[in-house]
Amino acid sequence: MTQLTIALTKGRLEKKTLSLFEQAGIDVSFMQDKQRKLIFTSPDQRFKFLLVKAADVTTYVRHGVADIGIVGKDVLMEHPFGYYEMLDLKIGVCKFSVASTKNYQPDDYKRKRIATKYPTVASEHFRKKGEDVEIIKIEGSVEIAPVLGLADAIVDIVETGTTLKENGLEIFEDICSVSARLIVNKAMLKRKRQAIFQLFDELETVIGGN
């Protein structure tokens, strides 16, 4: 049997992905007792799962350490090269939005400072609008940047909007919807084609219902 190595985003997306696999009739019970382990091999040797941070999924796939990666479209928009994007899994659905404090004036002519973890997405969005902005990259919680005066507004992923409200922010503009995607290493798509497309077929039977 051809083993597939899958780089899986840790956390909420991991749980949703494993649920999707279960719905497709794939046994992932060996993933339940994780403790601190980061590498798991299925008893039938069909899959090896690597639990990694979202931002690292494309790196593992690009370098061929993983055949397949499952990660949010937000990460792919920041790192768009070196793999094939094959399936929209329709889980982990959220959106990119521009948010700020109530007194933010989006139509103000002055050059704005935008804080974000996603500089590529933010730059492209404002470029398309013909706005010249200064991008401030922040790794942690961006919600406090407008509150503290570091930035005029933020570009961030929004799921429920609760975190924004709790920090006194509101959405001024939605950029695009994002969801979890399945990506494949370019060389492995040829080398392990049959095993990869078998997995696609299994997942596609349940994706429509999500």
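Start by selecting A99, which stands opposite I154 in strand 9. Before moving on, note that this is a predicted model, where local features need pLDDT of at least 70, side-chain atom pairs count only at pLDDT 80 or more, and totals for chains, interfaces and linings use all residues. Residues are numbered from 1 along each chain as its sequence is written, and side-chain values use heavy atoms, with hydrogens and water left out.

Now click I154 and look for A115, its bridge partner. Colour strand 9 (residues 153-158): five of its six residues are buried. Here, strands (E, at least two residues) and helices (H or I, at least four) are DSSP runs numbered from the N terminus; buried means under 20% relative accessible area, exposed over 50%, and partly exposed in between (1.4 Å probe, protein chains only).

Two strands pair if DSSP finds at least two bridges between them.

Next stop: charges. A salt bridge puts a side-chain nitrogen of Lys or Arg within 4 Å of a carboxyl oxygen of Asp or Glu. Select R46 and E202, whose closest N and O atoms are 2.5 Å apart in a salt bridge. They sit 156 residues apart in the chain, with E202 in helix 8 (residues 193-207), and both are buried.

Last, pick K190 in helix 7 (residues 186-191). Is K190 buried or exposed? K190 counts as exposed because its relative accessibility is 71%.
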